Amino acid sequence: MKNKDFNLELFQKQLKKELRPQREKLNLSRQEVADSVNRSSKTYQHWELTGESLTDIESILKTFHKLKFTTSKIINILQLPPLNSFELKNVIINGDTLKNMEIDKNGICSYVTEKITNLGDNQIEYLLDILYEERIKRHRTKYSN
């Protein structure tokens, strides 16, 4: 999705949907999150309840960091295009990102196996093949124009 297609209403809806559950998952109080972004608890509460008024990038990023949002969740909330394979490789190489994604040195197959226990090795390989094919299609589309 290109920047011109950014939808503020969708962004606010996503914030409203994601902020509170993620904060509660981490057992953080509203005050703790508010303090980390130098805002009042009332302001943060307004962000959670409405998704509105969280507009400056510094506050957005600090909030995402405090709430430990994954890279993919941030990409979705900000309506950014998915990472291409080069970008994904750089993200995975970064040790801090690996910790956030809970992917260890055993790699993505082990991660998927642990997180999605009802998939067998063949299904995981098939899933990875599909993801690779999607990446190739995006790459061809990007460079064919």
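Mentor: In this predicted model, Arg20 and Glu24 both lie in helix α1, 4 residues apart, which is about one turn of the helix.

Trainee: Why is the contact between Arg20 and Glu24 called a salt bridge?
Mentor: The closest N and O atoms of Arg20 and Glu24 are 2.8 Å apart. The cut-off is within 4 Å, so the pair counts as a salt bridge.

Trainee: What makes Arg20 buried, exposed or partly exposed?
Mentor: Arg20 has a relative accessible area of 41%. Buried means under 20% and exposed means over 50%, so Arg20 is partly exposed. Glu24, with 38%, counts as partly exposed too.

Trainee: How do you know that Lys73 forms a salt bridge with Glu18?
Mentor: Their closest N and O atoms are 3.0 Å apart, and the limit is 4 Å, so Lys73 and Glu18 qualify. This pair links distant parts of the chain, with Lys73 in helix α5 and Glu18 in helix α1, 55 residues apart.

Trainee: Why is Glu18 called buried?
Mentor: Its relative accessible area is 14%. That is under 20%, so Glu18 is buried. Lys73, at 26%, is partly exposed.

Trainee: Which residue does Glu48 meet in a salt bridge?
Mentor: Glu48 meets Arg30, at 2.8 Å from N to O. Glu48 lies in helix α3 and Arg30 in helix α2, 18 residues apart.

Trainee: What makes Glu48 count as buried?
Mentor: Glu48 has 3% relative accessibility, and the cut-off is under 20%, so the label is buried. Salt bridges with shared partners join Glu48, Arg30 and Arg23 into one network.

Trainee: How many salt bridges does the structure hold?
Mentor: It holds 6.

Notes:
Residues numbered from 1 in each chain as written. Predicted model: local features only at pLDDT ≥ 70, side-chain atom pairs only at ≥ 80, totals over all residues. Heavy atoms only, no water. Salt bridge = Lys/Arg side-chain N within 4 Å of Asp/Glu carboxyl O. Helix = DSSP H or I, 4+ residues; strand = E, 2+ residues; numbered from the N terminus. Buried < 20%, exposed > 50% of the residue type's maximum accessible area, 1.4 Å probe, protein only.
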